[in-house]
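Visitor: Please take me through this model, one point at a time.

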Amino acid sequence: MLDLPALVAELNALLRLKTTVIGMKMYGTVAEMEAIPRIRRPKTVHATDQIVSMASRLGWTVGITGEDLVGSQCRAVIGLGPQDEEWRRGEKYVGIWHGTQEDAQARQEALDVVPHGRYQAMAVSPLDSGRIPEPDIALVYATPGQMIILINGLQYRNYRKFEWSVAGESACADSWGRALKTGEPSLSLPCYAERRYGGVPDEEMLMALRPADLRTAVDGMKALAKNGLRYPIPPYGIQNDPSAGMGVSYARP
């Protein structure tokens, strides 16, 4: 089992993150979720964006069922509600986010979602709190500069090209929806709802990934730091000859 408090401490030392790194886990029964130490349960309905931000912005441990969520979209993305024909048609988005029903349906069908019926509950908590010892995924909010260093860390060994999509509105499907569904690192540009209701600031992006992949990224970032490639990235000067700086980075003993 990973030492999550140590992992978070190393990550924060490397990236100086402003926002708390959290874990998210899906549960097959409500009782499993409610057994989490010091779990909070909502007293009114919320968007999933808000539940996530209660953990990442306030440091709370929060558990929900589908009944705690404000609408079918929030439920469907994390598999706590059906992805049925009514949901798939996306009628309520016509004239708001999309010009036609065909456009709305195309967006709905493009979303990465957790299959319905597997789970009955979900919980989020600061990753280093220990209240969810084996989360399915970690959520890392970071600026673009921090995020590219994190991605570079993931690519330091066993390189692969990452290709991420942008669903548009309902971008939570690009991050936690996709990561829960596929187990793959998933980057998103938080959407209007995440910023309006979840309080995500303009400068932040979101990476959802398995804790094991976060460990890989941290190890990669440590290796990069030894090579002088670390955050914050110091501006060299747009009118200076870059030869000297590149000579240091790419020098060989």
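Visitor: What radius of gyration does the protein chain have, against the value for a compact globule?
Guide: This is a predicted model. For 253 residues, a compact globule would have a radius of gyration near 18 Å. The value for the protein chain agrees with that, at 20 Å.

Visitor: What box do the C-alpha atoms fill?
Guide: The box is taken along the principal axes of the protein chain. Its dimensions are roughly 60 × 45 × 30 Å.

Visitor: How many helices and strands are there, and what share of the residues is buried?
Guide: The protein chain holds 11 helices and 6 strands. A residue counts as buried when its relative accessible area is under 20%. Of the 253 residues, the buried share is 49%.

Visitor: Which share of the contacts joins residues at least 24 apart?
Guide: The contacts counted here are between residues at least 6 apart in sequence. Those that join residues at least 24 apart make up 70%.

Visitor: How far apart are the centres of the positive and negative side chains?
Guide: There are 28 positive and 29 negative side chains in the protein chain. The centres of the two sets are separated by 6 Å.

Visitor: Is Ser175 buried or exposed?
Guide: Ser175 sits in the loop between α7 (144-154) and α8 (176-182). Its relative accessible area is 0%. Buried means under 20%, so Ser175 is buried.

Visitor: Which residues is Ser175 in contact with, leaving aside its neighbours within four places in sequence?
Guide: Contact means heavy atoms within 4.5 Å. With those neighbours left aside, the contacts of Ser175 are Ser186, Ser188, Leu206 and Ala208.

Terms used. Residues are numbered from 1 along each chain as its sequence is written. This is a predicted model: local features need pLDDT of at least 70, side-chain atom pairs count only at pLDDT 80 or more; totals for chains, interfaces and linings use all residues. Side-chain values use heavy atoms; hydrogens and water are left out. Helices (H or I, at least four residues) and strands (E, at least two) are DSSP runs, numbered from the N terminus. The radius of gyration is taken over C-alpha atoms; the globule rule is 2.2 Å times the number of residues to the power 0.38. Buried means under 20% relative accessible area, exposed over 50%, partly exposed in between (1.4 Å probe, protein chains only). Lys and Arg count as positive and Asp and Glu as negative; His and the chain ends are not counted. The place of a charge is taken as NZ of Lys, CZ of Arg, CG of Asp or CD of Glu.
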